[in-house]
Amino acid sequence: MTEIKIHSPATGELLGSVPVSTVDEVANAATLARSAQVEWGQRSLAERCDVLRQVKNVIIERADELSELLCQEQGKPRVEAMVHEVFNLVELIRYFTSQAERILSPEPIPLHLFKHRSSYLHWQPRGLIGVIGPWNFPFIICNGPVVVALLAGNAVMVKPSEFTPMIQDLAKDIFVQGGIPEDLIQVVHGFGDVGSAVIDNVDMLEFTGSVATGRKVAAQCGARLIPCVTELGGKAPALVLEDANIERTANALTWGGFANCGQVCASVERVLVHRAVLPQLLDKLTPKVAALTPGNAAADPSIQIGPLNNGRQRDIVQALVTDAVEKGAKVLVGGRAIEGPGYFFAPTILVDVTTEMDIANRETFGPVLPIMVFDDEEAMIEEANRSHLGLLAYVFSRHSDRAKQIAERIEAGTVMINDVLATHGMPETPWAGVKASGVGQTHGDDSLRHMCQQRHVNYDRLQFWRSELFWFPYRPGLYNLIKRFMGAVLGTGIRNRFRSLRKG
Ligand code: NAD
């Protein structure tokens, strides 16, 4: 295949096409990027921050163009394109350009034994960073890492999803208009084989996608011994305790389960509710979900929920709902794909969900809230932690001390209390999964440091020793001296330390 044609997920109409890159084109793109990186990496951090601030202004200027294309190509409502993707990238650039000097300033390491020496860390660009992204948030997820990589002094090569490639061409245009040298940011298009060619050519990979692909890309990075950040799937549980504010919880679950038509790695994928508040919760939740009418957001700005992005995803959602119903779940709202053009699926609530059902175990990534009922909080925590995934989790309770204690016991990279999804919009906080949800982090100060090689310098502050005690020649008695020193200085307990001194 030499080109990928992009069709609207809402209407099926042809939106455009992108050329598929060959393996040679990927290698050539890498060569161009590496040569542009030499000059970029030599610029001061302050200069790089200034250029990215200009990029930020161009994003603000061209925000409508970005939202419009996201809405058309991905299918999400325009307001979500603006809030979750465009606004979030602007805030991410603001944060990192204001903090980069602090985050990347050399850091002294206090030394315990070698008091006459000093150590410090400094951070240098890695070279060329590969970014491979998914189709659910194609702008923010590819370009957050692009910004951080560029600030760190690197070049980047981006392979967006084959389902949503056009937004990355627009993003490149914006970066270049803002002053990023054209060759410094390379965009290549295609399927998994092109992603694999990217990995063959870069010095570090930032990958966001499914667990299955994550395992493959991590193995390929491992074979090349290059670092790799993997941001993978989620199965976020929402624990609704008996003391939760039910109105707020119902609103949060509706947004957390159905924003972006449920195609969010942090989506509420399992509602674990205390039996005492089940009736109240369902009373509030059911009409809110039933009121969400899917439609073509590109044609009607009042549409709150769009289609799924592609047929593959709609088939996955349908199969999980069918399996759940066959095993005894009841459909309270929705429950089926909607006939006609586009990949629409009716917003769905399932009750009587049990752990035998696939929907309780596998990522749905669609507009479905499966509800499970529990009699106590211990059982809820156990169920939350049963998953092989651990990206986000949510706790709903009026008592913040209790909620925090529960939050700390949940095996997830982030736990939000009485809220959902929102920390992706807080670039100062780490976005990172535990268990099979990924390795490494995007966002947070360490994500910028990780885009750099951490290097260490160690030097003599006094500079008048001709030699060191433990260099050649090894003097008689050195062995016992070191042994005594070890016991006396590194041992624990005053008696033990004295005994080491005496015994020799
Ligand atoms: P996917 O794994 O199918 O594809 C992701 C990207 O990997 C695409 O660009 C694809 O072309 C590329 N790819 C496929 N095979 C490859 C290979 N062998 N080598 C290199 N690249 C290859 O995922 P998807 O369906 O696009 O995205 C949905 C998944 O992403 C969900 O599981 C979701 O939870 C996850 N996700 C995670 C986060 C997070 O921050 N943790 C955010 C968004 C999405």
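**View 1. Arg 449 places its charged end over the ring of Trp 123.** In this predicted model, the charged end of Arg 449 lies 5.2 Å from the centre of the Trp 123 ring. A charge sits over a ring here if NZ of Lys or CZ of Arg is within 6 Å of the ring centre and within 35 degrees of the ring normal.

**View 2. Tyr 95 and Phe 96 make an edge-to-face pair.** The whole structure holds six aromatic pairs. For Tyr 95 and Phe 96, the ring centres are 5.1 Å apart and the planes meet at 75 degrees, so the pair is edge-to-face. Rings of Phe, Tyr and Trp (its six-membered ring) pair if their centres lie within 6.5 Å, with planes under 30 degrees apart counted as stacked, over 60 as edge-to-face and the rest as tilted. Tyr 95 is buried at 9% relative accessibility, and Phe 96 is buried at 0% (buried: under 20% relative accessible area; exposed: over 50%; partly exposed: in between; 1.4 Å probe, protein chains only).

**View 3. Trp 135, Phe 163 and Phe 365 come together in one aromatic cluster.**

**View 4. Met 372 is buried in its strand.** Met 372 belongs to strand E14, residues 368-374 (strands are DSSP runs of at least two E residues, numbered from the N terminus). Its relative accessible area is 4%. Leaving aside residues up to four places away in sequence, Met 372 touches Val 271, Leu 272, Val 273, Val 353, Thr 354, Thr 355, Ala 360 and Glu 383 (contact: heavy atoms within 4.5 Å).

**Notes for the views.** Residues are numbered from 1 along each chain as its sequence is written, and side-chain values use heavy atoms, without hydrogens and water. Local features need pLDDT of at least 70 and side-chain atom pairs count only at pLDDT 80 or more, while totals for chains, interfaces and linings use all residues.

Note on methods. Helices (H or I, at least four residues) and strands (E, at least two) are DSSP runs, numbered from the N terminus.
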